[in-house]
Amino acid sequence: MKHEYTAEEALRRLIEKLTARDQELASEVTVAVNSGKDIQEKERRGKKSLRFYRRTVPYSPEEALKVALDVLRAHFVEQPLFANSCHGNMAQAAIGANATDAFPWEKKKQIVHTSSGDEKIFEIEVQSETEIVSTGGRPALQYPGTLTMNRISEDSIRQEEANFSHLRSLTDFSENS
Amino acid sequence: MATLNELENAIDALLDHPLGVGQFQLVRRAEPKAYEAYIFGLCLRAVRELNTMPVLRGISAPPNPFIFRGAPGQIYSRARNYGYAEFAINGQDFEIHAGVEFQGGRMTHELDVCIMRAADANRCRQQPDDPPSASLIGGWECKFYAGTLDKDLGRTFVGLVDDMGANLRLSGLCSNSAHPQLRDYFEPQRRPYPHFRLTPLEVSNEAVFVNLIKAELKKITAS
């Protein structure tokens, strides 16, 4: 495919648009893009002997685009899959009573809900038990204590995957080289 | 010819999708812990594949909802109704925890996800204390990284495992990301297993993680 734009320009547009929406995410992408990659260099010594050494070099613009999209994919596609996977595995566990009973043989009798396959609700604590001041400067109590992790529809994940595929095809410059 | 307009539309579609920037802003504070929850779920799967039903419990009440800790904490803490799972194989009771602190050789350590002996967990809930490292069967450091994995994490976890002593039969650094040098760093014996690219997108890596747990639990409970 021929392009009306270069890889550098595509990367710049992506980061500009990201910055306009969320600076924190944009800087995370920028850090990843700027981290470079390790390559093995070789140095010839005399006629036959070769010496190898590691060197960190910048990504090419094409590679940097791929790195940027990988970072976004981790957030937009992998994260929903983590929640869905956890939901799937928890659904097939039973729910028991609380842990206050000292003896395991008593606890075993107290399974209150054994039907595996039922969806369970799970939450992640976003205000830890020792947190009194949030990192953003606001009192921690202004945040909800926990965040419910809902199951994400497979269709929605597939759509976003399709968006990634489309953007990857538009930023594939391999035929140009 | 791919036009600039097409490129811009494709970027907008990606970022403005319901799972795009908006969803990220909603869940960003929970993202690292969501990865721990995923690994916790894989431990449940390993138990289930041994034909054992794991049971979800809460410290104070039935776990509805099931709450994952947002920061390292004590196993006996009732600040919230923190969840954990228990299971029994061949008459031996075990528990799976997330974000619990343990006694190490010289200081306490947090394990993102672990499998431990239920008797020790129960004792530490009854008489508040951090469980000893000897109660551990397996412990995993879980790192969600959108970019390349940080080398420091490997060094830190190797130190933690060393301080935990020889009772920790299974240990690993789990991440959706990878680092080529860290894989080499983990090669020597007694170092944690590099569970890199451990994500639902890599089914074979999930199978390796689950099978290692299954094999160890079978070995421990065989006699």
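How many residues of chain B are in contact with chain A, and how many residues of chain A do they meet?

Reply: The model is a predicted one, and in it 72 residues of chain B are in contact with 70 residues of chain A. Several elements of chain B each supply at least two residues of the side that touches chain A. Among the helices these are α1 (4-16), α2 (21-27), α3 (31-48) and α4 (118-126), and among the strands β1 (55-58) and β2 (66-68). The largest share of this side comes from α3(B), with 12 residues. By class, the side of chain B that touches chain A has 42 nonpolar, 17 polar and 13 charged residues.

Strand β1(B) also pairs across the two chains. Two bridges join it to strand β3 (residues 94-96) of chain A, and the two strands run parallel. Within β1(B), B:L56 is the bridge partner of A:I95.

The chain that carries this side may now be described as a whole. Chain B has seven helices and eight strands. Its radius of gyration is 19 Å, close to the 17 Å that the globule rule gives for 223 residues, so chain B is as compact as a globular protein of that length. The C-alpha trace of chain B spans about 70 × 45 × 35 Å along its principal axes. Of the 223 residues in chain B, 49% are buried. Among the contacts in chain B between residues at least 6 apart in sequence, 61% join residues at least 24 apart.

Key. Residues are numbered from 1 along each chain as its sequence is written. Chains are lettered from A and ligands numbered from 1 in the order in which they are written. This is a predicted model: local features need pLDDT of at least 70, side-chain atom pairs count only at pLDDT 80 or more; totals for chains, interfaces and linings use all residues. Helices (H or I, at least four residues) and strands (E, at least two) are DSSP runs, numbered from the N terminus. The radius of gyration is taken over C-alpha atoms; the globule rule is 2.2 Å times the number of residues to the power 0.38. A residue is buried if 20 or more other C-beta atoms lie within 10 Å of its own, exposed if 12 or fewer, and partly exposed in between; C-beta atoms are placed from the backbone. Two residues are in contact if their C-beta atoms, placed from the backbone, lie within 7 Å. Ala, Val, Leu, Ile, Met, Phe, Trp, Tyr, Cys and Pro count as nonpolar, Asp, Glu, Lys and Arg as charged, and the others, Gly among them, as polar. Two strands pair if DSSP finds at least two bridges between them.
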